[in-house]
Amino acid sequence: MLIISALLFTLSSLGSGLSTHMYALTLSRLAGSFAIGLISTITPVYIGKISSISLKEIFITYNQVAIIIGIIIACIINYLFLNFAENWRWMLAFPSAFSILYLVLITVLPENASESSPQNREISKTKMIPLLAGIHIILYYTPFILNDIIYKP
């Protein structure tokens, strides 16, 4: 799933920067939103699956700090592209460099807990059901919520 999210990030950023039509841009941005939702859901689960009990909190904190640092870097890079011609294309396409790097680095991570430690820890299916149900609820109700927001009587 991490590789799928990395591919979606790459396709989204390249598609957004190279799009020539509004529908292509919208579809690329939608794929990027899906990749962000996917990675923000899968990463904490992966960290919990791979790390030992004593390190889980530290790694989750590092994950949150990395997200904040990434947002700050994105703001700085967007500021640097302000004076470029067609700067919005550069702003949307530049993350492809980071997503390709992410795609390369994700391949060296261990796939399961048995590869990272002698203890074999797995996520039970009963723990994954609420996670997947939450994603389903968001995907199902978002169009209704947006419709109510946009078309207020």
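Select helices H1 and H5 (residues 95-106) to start. They are roughly antiparallel, because their angle is about 160° and angles over 145 degrees count as such. Their axes are 8 Å apart. Axes are lines fitted to C-alpha atoms over the stretch in contact, and angles run from 0 to 180 degrees between N-to-C directions. Helices here are DSSP runs (H or I, at least four residues), numbered from the N terminus.

This is a predicted model: local features need pLDDT of at least 70, side-chain atom pairs need 80 or more, and totals for chains, interfaces and linings use all residues. Residues count from 1 along each chain as its sequence is written, and side-chain values use heavy atoms, without hydrogens and water.

Now show the side chains between H1 and H5. Leu2, Phe9 and Leu14 are among the H1 residues that meet H5, where the partners include Pro95, Tyr102 and Ile106. Contact means heavy atoms within 4.5 Å.

Next, select Phe9, in H1 (residues 2-18). Is Phe9 buried, exposed or partly exposed? Partly exposed, because its relative accessibility is 22%. The class lies between buried (under 20% relative accessible area) and exposed (over 50%), using a 1.4 Å probe and protein chains only.

Leave aside neighbours within four places in sequence. Phe9 then touches Gly32, Ala35, Ile36, Ile39, Ser99 and Tyr102. Pick the C-alpha atoms of Phe9 and Ala31: 22 residues apart along the chain, they are separated by 7.5 Å.

Definitions and conventions. Helix = DSSP H or I, 4+ residues; strand = E, 2+ residues; numbered from the N terminus. Parallel < 35°, antiparallel > 145°, perpendicular 65-115°, else oblique.
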